[in-house]
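Morning, everyone. Please have the sequence and the coordinates open while I talk.

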Amino acid sequence: MKVLFLNGPNLNLLGQRQPEIYGRTTLADIEAQVRQHAAASGTAIDFRQTNDEGQLVTWVQEAAGQFDAIVINAAGYTHTSVALRDALAASPVQAVEIHLSNIHAREEFRHNSIIAPVCKGQICGFGPASYTLGLEAAVSLTSK
Ligand code: DQA
C-alpha cells in the first residue's frame, strides 16, 4: 500500500512559524514520525511540500494509479482553492484532510474548508499527531 502525503504553503517553516499555534516540531521531524509509523504497518509513503497551488493540483492529478490514498494538509489553500477541490473531486484516489491546529477553533475564515466535502474525512487539532492519525485513516480506508 502506498500513501501520498501532500503539504501546502508555509508548512516548510514549521518549527519557527508561529510556534504558539503550530509548535516547535519541524516538517522533517513530522515526516520522520510518519515514516516510522508507516514502516510498522508496512505502508510505503511519499511525503511532499510545496508553496505552489498548481503543483498541489498536479500532484493530486498524478496520484491516480500510483497511490492508494492521499493525506493532505493544504494549509492556506484549504480555505481558498477551488482548483485543488476540483482536482480532489476528479481523483479516484480517496483523500484524508489533516491540519495541525483545530481550524474550527480559530479565526472565522479558517472554519470553512473548501476541500472538506470532497475528502473522506477531516482530522485537525492534534498537532503532529494529526499526521499519524491521518496515516491510520488512510490505511483503514483502503483496507475496506
Ligand atoms: C493549517 C491550518 C490553516 O488554516 C493554515 O493556513 C495553515 C496550517 C494547520 O495545519 O493547522 O497553514 O493547515
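I will start with the ligand site and then turn to some single residues.

First, the ground rules. This is a predicted model, in which local features need pLDDT of at least 70, side-chain atom pairs count only at pLDDT 80 or more, and totals for chains, interfaces and linings use all residues. Numbering runs from 1 along each chain as its sequence is written, and side-chain values use heavy atoms, with hydrogens and water left out.

Now the ligand. Where does the ligand sit? The ligand sits in the largest pocket. A pocket, on a 1 Å grid over the protein atoms alone, is an open set of points with protein on both sides within 12 Å along at least five of seven lines, for a 1.4 Å probe. To sit in one, a molecule needs more than half of its atoms within 2 Å of its grid points.

Which residues surround the ligand? They are Arg17, Tyr22, Asn73, Ala75, Gly76, His79, His99, Leu100, Ser101, Ile103, Arg106 and Arg110. The criterion is a heavy atom within 4 Å of the molecule. This shell divides into 4 nonpolar, 5 polar and 3 charged residues. For those classes, Ala, Val, Leu, Ile, Met, Phe, Trp, Tyr, Cys and Pro are nonpolar, Asp, Glu, Lys and Arg are charged, and the others, Gly among them, are polar.

Next, the distances to ligand oxygen atoms. Histidine 79 places a polar side-chain atom 2.7 Å from a ligand oxygen. Arginine 17 has a polar side-chain atom 2.9 Å from a ligand oxygen. With glycine 76 it is a polar backbone atom, and the distance to a ligand oxygen is 3.3 Å. The protein buries 98% of the 320 Å² that the ligand exposes when taken alone. Those areas come from the Shrake-Rupley method with a 1.4 Å probe.

Stay with the shell. Histidine 99 is in strand β4. Strands are DSSP runs of E, at least two residues, and helices are runs of H or I, at least four, numbered from the N terminus. Is histidine 99 buried or exposed? It counts as buried, because its relative accessibility is 4%. Buried means under 20% relative accessible area, exposed over 50%, and partly exposed in between (1.4 Å probe, protein chains only). The side chain of histidine 99 makes a polar contact of 3.5 Å with that of asparagine 73. A polar contact is a pair of N or O atoms within 3.5 Å; within protein, one must be able to donate a hydrogen and the other to accept it, and residues adjacent in sequence count only if both atoms are side-chain atoms.

Arginine 110 belongs to the loop between β4 (94–99) and β5 (121–124). At 16% relative accessibility, arginine 110 is buried too. Its side chain contacts that of glutamate 107 at 2.7 Å.

Glutamate 108 is in the loop between β4 and β5 as well. Glutamate 108 counts as exposed, because its relative accessibility is 67%. Its C-alpha atom is 26 Å from that of isoleucine 70, 38 residues apart along the chain.

Last, backbone angles. Alanine 75, from the shell, has phi near 50°, positive in a residue other than glycine. Alanine 75 lies in the loop between β3 (69–73) and α4 (82–90). It is buried, at 12% relative accessibility. Asparagine 10 also has a positive phi, near 75°. Its loop runs between β1 (2–7) and α1 (19–22). Asparagine 10 is partly exposed, at 37%.

Notes
1 Å grid on protein atoms, 1.4 Å probe; cavity = no way out; pocket = protein on both sides within 12 Å on 5 of 7 lines; lining within 4 Å.
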